[in-house]
Amino acid sequence: FGSANYTIYGLDAKTGKELWRVTTQQAVMGAATIHQGVAYIGGGDGKMYAIDIHSGAIRWTFDELKNYVLTRPLVYRDKLYFGAWDTYFYALNLSDGSLVWRWNNGKGNPKLSPASVWPVAADGKIFITAPDRYFTCLDAETGKEVWRTKEYKVRETVGLSEDGKTVYSKCMWDTVVAISTEPMGDEAKGYEVRWASHADFGYEHNPAMPQEKDGVLWVSTKNGLLLGMDAKTGKVLWRHKIGNSILNTPLPLSGKECIFTSSEGTITRIRVR
């Protein structure tokens, strides 16, 4: 994990003993993705790091970013995918960190970057959302746009179904939308909306990713509200008010149990009766 004190740490998971540390040039606010013994994590110093989790040795760094990384990068096939607050979304080779492609939404404003979203992938495609309120599907190999829509006012959230056939996003006003990852539906649009459910959570801009487990979609909000939704239909199964602060991306343990953190400084484990 990274820290605001310009450091990336590796700890023994059983004892908490520090195994190694990597010093960076700025705060590290990105989340780590671990794949085959390597941790991939972005820093505030405009770098993406690949670190051996056993020794702390740096395998490679990519230093062509123009601003900091906040997201959790995605490993898909032989590449690493992530956005930064520099208007770009990147694809790097896992083996050496070399640039494969980068994509821009056509705007030069860094505030509209696809940087907070945790990208997901299915069927050879990458799915992202951004503050420009577009839902975007990119070809994983080339970075070319497959489809791009502003039909629903999404912002910075995306989640993938357990079977890989549906992507979800929480919209800015009361709605959660589910779109097929498969090439079907309206040819003019290039995508098919499986459902769009009015979930009655009000105005929303919290970049917490909706997560599916055992057919239940867990959705967290900026105002302390946690929702359980039927992943197939979008029906709201239950609502539970935890507090009045931001609930971060949930970690479902099953369709009835979940762990999450909040900006109030709490870690909560909840079970649905």
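**Notes on hairpins, cores and ring pairs**

1. Gly-143 takes a positive phi near 80 degrees in the hairpin of S14 and S15, which has 5 residues between the strands. Strands here are DSSP runs of E of at least two residues, numbered from the N terminus. Two of them pair if DSSP finds at least two bridges between them. S14 and strand S15 (residues 145-149) run antiparallel and are joined by 4 bridges. Within this pairing, Thr-136 has Arg-148 in S15 as its bridge partner.

2. The model is predicted: local features need pLDDT of at least 70 and side-chain atom pairs count only at pLDDT 80 or more, while totals for chains, interfaces and linings use all residues. Residues are numbered from 1 along each chain as its sequence is written, and side-chain values use heavy atoms, with hydrogens and water left out.

3. S14 also pairs with S13, in the antiparallel sense and over 5 bridges. Thr-129 stands opposite Phe-135 in S14. The hairpin of S13 and S14 has 5 residues between the strands, and Arg-133 in this hairpin takes a positive phi near 75 degrees. S14 is largely enclosed by the rest of the structure, because 4 of its 5 residues are buried. Buried means under 20% relative accessible area, exposed means over 50%, and partly exposed lies in between (1.4 Å probe, protein chains only).

4. An open sheet is formed by 4 strands in the order S8-S9-S10-S11, with antiparallel pairing. Its edge strands, S8 (74-76) and S11 (99-104), each pair on one side only. Neighbouring strands of the sheet are turned by 20 degrees against each other on average, direction ignored. For such angles, axes are lines fitted to C-alpha atoms (for helices over the stretch in contact), and angles run from 0 to 180 degrees between N-to-C directions. S8 and strand S9 (residues 79-83) are joined by 3 bridges, and Val-75 stands opposite Leu-80 in S9.

5. Which residues have the most contacts inside the largest nonpolar core? They are Tyr-81, Phe-89, Ile-126, Phe-127 and Phe-135, in a core of 27 residues. Strands that each supply at least two residues of this core include S8, strand S10 (88-93), S11, strand S13 (125-129) and strand S14 (135-139). Apart from it lies another core, of 15 residues, with Leu-80 and Leu-92 among them. A nonpolar core is a set of buried Ala, Val, Leu, Ile, Met, Phe, Trp, Tyr and Cys residues joined through side-chain atoms within 4.5 Å.

6. Not counting residues up to four places away in sequence, Tyr-81 touches several residues, including Pro-73, Phe-89, Trp-101, Pro-119 and Ile-126. Contact means heavy atoms within 4.5 Å.

7. Rings of Phe, Tyr and Trp (its six-membered ring) pair if their centres lie within 6.5 Å; planes under 30 degrees apart count as stacked, over 60 as edge-to-face and the rest as tilted. By this rule the count comes to 13 aromatic pairs. Phe-89 and Trp-101 form a tilted pair, because their ring centres are 6.1 Å apart and their planes are at 35 degrees. This pair links distant parts of the chain, with Phe-89 in S10 and Trp-101 in S11, 12 residues apart. Phe-89 counts as buried at 0% relative accessibility, and Trp-101 is buried with a relative accessible area of 7%.

8. Trp-218 and Trp-238 have ring centres 5.2 Å apart and planes at 70 degrees, so the pair is edge-to-face. Trp-218 lies in strand S21 (residues 216-220) and Trp-238 in strand S23 (residues 236-241), 20 residues apart.

9. Phe-62, Phe-82, Tyr-88 and Tyr-90 are linked into a cluster by ring pairs. The charged end of Arg-102 sits over the ring of Tyr-88, 4.0 Å from its centre. Arg-148 lies over the face of Tyr-134, at 4.0 Å from the ring centre. A charge sits over a ring if NZ of Lys or CZ of Arg is within 6 Å of the ring centre and within 35 degrees of the ring normal.

10. Most residues other than glycine have a negative phi. Thr-87 has a positive phi near 85 degrees; it is found in the loop between S9 and S10 and is buried, with a relative accessible area of 8%. Asp-200 has a positive phi near 60 degrees; it lies in strand S19 (residues 193-203) and counts as partly exposed at 48% relative accessibility.
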